[in-house]
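Welcome! Please open the structure in your viewer and keep the selection tool at hand.

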Amino acid sequence: MPSAEKDKSKRRPAGKAGRPAAARAPKGPRKPGADPDNGSGAAKAQSARGKYVYCIIQSSGSLRFGPLGIGTDPADVHTVNFKDIAAVVSDTPIEVHDPTRENVLAHERVNETVMRNHTVIPMSFGTVFKTRDDIVELLRSAYDAFHDVLVKMEDKLEFGLKVLWDREVMVREIEELDEDVRRLQQEISAQKGSTYFARMQYGRLVDAALQAHSEKYVAEIFEGLREVAVASRANKPIGDKMIMNAAFLVARDKEEAFDRRVKEIGARFDKLTFKYTGPWPPYNFVNIRLKLERAKEK
């Protein structure tokens, strides 16, 4: 059933590009180790560099995840901690990071690796702070908000679902089912007199019928997934073929049930194409306004 198979190419916050083999994340994070910013000579040598922040997690101890981060040579990813929460970071030059394929995939790679064993609050691409102290201040000032979201998002994942149709196929179906549309279409095809007003009326009727069909399909899909999702969000469809662009928040222990339900619905709506991606960090369900300004190059 190709229409509802999970899209293994996945997506990304800045375009959802497919992931090449070289960009695959390792099977799991390394065991907690010493904080790389422990005052060693190597850390001091990096003091002029900033900190790229990928996500926020709950952790009381320092963690290291290995060389996964942004950079020509993947930067070492580690945590900066405050109480029982931590920012997942890597050292980086203080500069604007262009959303190139390589940079976006590195950002994705870190978040996907960390989320295997932690609930994450994903940060937007390109979040850079000047110093470790700035990050600690962020964690301190927004501690309550971060802690609250981490509790609410615990063991929850995001899945994306885009639904597309062939507009011409749907128009032909409408012409077959709707007597008024069919009559106007036949009148236009027969070239009987002036067809200007017939074309105008035909266009209005077809557009209204397409809108009604689209809304009906989308409502049924949302209803079919309601029992296996914690929450959902409808985003604006992209292009003429897409009728649904949605994100679903799913409990980790409901992932298989959600997966089965998507495939069942896809099989039922054989005229639709389902593009199903995930799991992702809950990008569409976390909205924290940071009070601490991001670092800017002097």
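Predicted model: local features only at pLDDT ≥ 70, side-chain atom pairs only at ≥ 80, totals over all residues.

Residues are numbered from 1 along each chain as its sequence is written, and side-chain values use heavy atoms, with hydrogens and water left out.

Begin with the protein chain in cartoon view: it has eight helices and 10 strands. These are DSSP runs numbered from the N terminus, with helices (H or I) of at least four residues and strands (E) of at least two. Of its 298 residues, 44% count as buried, meaning under 20% relative accessible area with a 1.4 Å probe, protein chains only.

Next, select Thr127, in the loop between strand S5 (121-122) and strand S6 (128-129). Is Thr127 buried or exposed? Thr127 is buried, at a relative accessible area of 2%.

Now select Leu161, Ile221 and Phe258, the residues with the most contacts inside the largest nonpolar core, which has 47 residues. Such a core is a set of buried Ala, Val, Leu, Ile, Met, Phe, Trp, Tyr and Cys residues joined through side-chain atoms within 4.5 Å. Helix H7 (residues 196-225) gives the largest share of this core, eight residues.

Finally, select Phe82, Val89, Phe129 and Leu139, which are included in a second, separate core of 21 residues.

How values were computed:
Buried < 20%, exposed > 50% of the residue type's maximum accessible area, 1.4 Å probe, protein only.
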